[in-house]
Amino acid sequence: MPAVTKAPNLIGDFLVDYEEKVFEDVKAEPGDKALVTFHTVAFEGSIGFVNLLQATRLQRKGFDTSVLLYGPGVTLGVKRGFPKLGDAAFPGHLNFNDQIAKFIAEGGKVYACRFALQALYGHGEGSLIEGIKPINPLDVLDIILLHRKEKAFILDTWTL
């Protein structure tokens, strides 16, 4: 057996050069928009949370940023908690709620499809995190098309 001679990594060690930035820090031009769409189930992978962070970053870079929750994506926007709404049953349990609330507080807009909310997941509009605007299912395509017409940056989030 080969001997391991390297000392174990210690808390506080750096394993990569986190300060080097390869690309310029792109900022929005006046009037630039962004749309981040979510067709993904909460807690069934990291993509939902990661792209909520991306939406927040786009907003902070100056883009007029909107989030669209449709299909299973509406599960990111419902109030959760256990045993009461707002109680974290485990670390990270309220990540989606907290990140969406932060995004809205920083000026972001969030829309949720009413059809998916009720017909697919059995929730009403009262289940949504404060600040999320429920929309008609016919608006799902139109918000995407409007952003496309305005040459917005669109980041589509899907899980299959």
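Here are legends for a few close-up views of this predicted model.

The model is predicted, so local features need pLDDT of at least 70 and side-chain atom pairs count only at pLDDT 80 or more, while totals for chains, interfaces and linings use all residues. Residue numbers start from 1 along each chain as its sequence is written, and side-chain values use heavy atoms, with hydrogens and water left out.

**View 1. A cis peptide bond at Pro83.** Phe82 and Pro83 are joined by a cis peptide bond, with omega at about 10 degrees. Look for Pro83 in the loop between β2 (64-69) and α2 (95-105). Helices (H or I, at least four residues) and strands (E, at least two) are DSSP runs, numbered from the N terminus.

**View 2. Phe43 and its positive phi.** Phe43 isn't a glycine, yet its phi is positive, about 70 degrees. You'll find Phe43 in the loop between β1 (33-39) and α1 (47-60). Phe43 counts as partly exposed because its relative accessibility is 40% (buried means under 20% relative accessible area, exposed over 50%, partly exposed in between, with a 1.4 Å probe and protein chains only).

**View 3. Lys151 and its positive phi.** Lys151 is not a glycine either, and has a positive phi of about 55 degrees. Its loop runs between α4 (138-149) and β5 (153-158). With 74% relative accessibility, Lys151 counts as exposed.

**View 4. Strands β3 and β4 side by side.** β3 (residues 109-113) and β4 (residues 132-135) pair in the parallel sense over 4 bridges; to pair, two strands need at least two bridges found by DSSP. Opposite Cys113 stands Ile135 in β4.
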